Amino acid sequence: MSKPIAVGVDGSDQGTAAAHYAAALAVRRGAPLRLIYVFETLYYGLGPMFATGGYGVAEEHLRTAAQQTLDEITDRISAAHPDLEVEPRMREGGAAAVLIAETQESAVTVVGSRGLGGFAELVIGSVSAQVSAHAHNPVIVFRPPHAEHGPVLVGYDGSDPAKAALQFAVQEALSQGVPLVVANAYWPQPWGFGETPVPDPNVTAAHDAEALVDAAVAPYRKKHSQLQVETRTIHSLNPEHSLIEESKHARLTVIGSRGRGGFTGLLLGSVSQALVHHAAGPVAVVHSG
């Protein structure tokens, strides 16, 4: 049986939109959809006395309201996709911890960029940030795209996470029947290895970037003749900004959890973090291994 597509819901507009996005993804993949509502008790860790009397009544009202919200979202998704298997799940605990644990069982987990908590000025909520950083499988942080009819965009630098991201992006482009754009942002170094002068670092760096991307997409072009692929090398000192700008033209941006730069202990690289927080549409963070 196919692993489910999971999505965190909380009754917010972002959560509901993420649920519809996840449902469409599940339909394309022929997978069941798992709706996860995490109920966070107000009295967790405060002792048994808070589970009785007025406290217990208030808790039960909150739990009933949460279940009603989950039932309503389930009904909406089922009505929109009558052939989709929808599994609602109520979970207790911290939202981020529960959803991170759920990523072990799901093929893809979708979260809204912001939920009911937090401040309106925040670009992304703490739960979305934590899940995208600590997930065991691909996570899509959903926000409405600027370009609903654009291509799938993937950032590629040759690292293992980037290779996993490319594979995920190819699958999405094929399933949606849209072009794939594979982008590499590079900056020429004035000196080569061993401090050997490079005759023209701009030309050399551009050539290396094009060769890297072309080699990566060649097997997919050969295997999928119907796949439209555009490779794009971007001369940039700020790859974060460049890929954020590119995301304005894409229906989905895909990035590996970490690239070649940074420290091996980091859960997310700087480019991945920047896109999760500032991309102009849905962002898939693909964790390799």
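**Close-up 1. Helix α4 and what covers it.** In this predicted model, helix α4 spans residues 126-134, and its buried residues are S128, V131, S132 and A133. What sits over them? The cover for these buried residues includes α3 (95-102) and α8, along with strands β4, β5 and β10.

Close-up 2. Ten strands make up an open sheet with mixed pairing. Reading across, the order goes β3-β2-β1-β4-β5-β10-β9-β6-β7-β8. The edges belong to β3 (86-92) and β8 (229-235); each has a single partner strand, so one side of each has no neighbour in the sheet. Going from one strand to the next, the twist averages 25°.

**Close-up 3. Strand β1 beside strand β4.** Here β1 (residues 5-9) runs parallel to β4 (residues 108-112), and three bridges hold the pairing.

**Close-up 4. Strand β6 and its two neighbours.** Take β6 (152-155) residue by residue: V152 and V154 point one way, L153 and G155 point the other way, and all of them are buried. On the β7 side, the two strands run parallel and are joined by four bridges, with G155 partnered by A183 of β7. To get from β6 to β7 the chain goes through α5, making a right-handed β-α-β crossover. With β9, β6 pairs in the parallel sense over three bridges; V154 has V254 as its bridge partner there.

**Close-up 5. Two helices on the sheet.** Helix α5 (residues 160-176) lies across β4, β5, β6, β7 (180-186), β9 (252-256) and β10 (283-286). Its direction is at about 155° to β9. Helix α8 (residues 270-278) also packs on the sheet, where it touches β5, β9 and β10. The direction of α8 likewise makes about 155° with that of β9.

**Close-up 6. The one aromatic pair.** The structure holds a single aromatic pair, made by Y21 and F142. Stacked, edge-to-face or tilted: which is this one? The ring centres are 5.0 Å apart and the planes meet at 40°, so the pair counts as tilted. Y21 comes from helix α1 (residues 13-29) and F142 from strand β5 (residues 139-142), so to speak a link between distant parts of the chain, 121 residues apart. Both partners are buried: Y21 has a relative accessible area of 18%, and F142 has one of 7%.

Technical notes. Residues are numbered from 1 along each chain as its sequence is written. This is a predicted model: local features need pLDDT of at least 70, side-chain atom pairs count only at pLDDT 80 or more; totals for chains, interfaces and linings use all residues. Side-chain values use heavy atoms; hydrogens and water are left out. Rings of Phe, Tyr and Trp (its six-membered ring) pair if their centres lie within 6.5 Å; planes under 30 degrees apart count as stacked, over 60 as edge-to-face and the rest as tilted. Buried means under 20% relative accessible area, exposed over 50%, partly exposed in between (1.4 Å probe, protein chains only). Two strands pair if DSSP finds at least two bridges between them. Axes are lines fitted to C-alpha atoms, for helices over the stretch in contact, and angles run from 0 to 180 degrees between N-to-C directions. Contact means heavy atoms within 4.5 Å. A crossover is right-handed if, with the strands pointing away from the viewer, the path from the first strand over the helix to the second runs clockwise.
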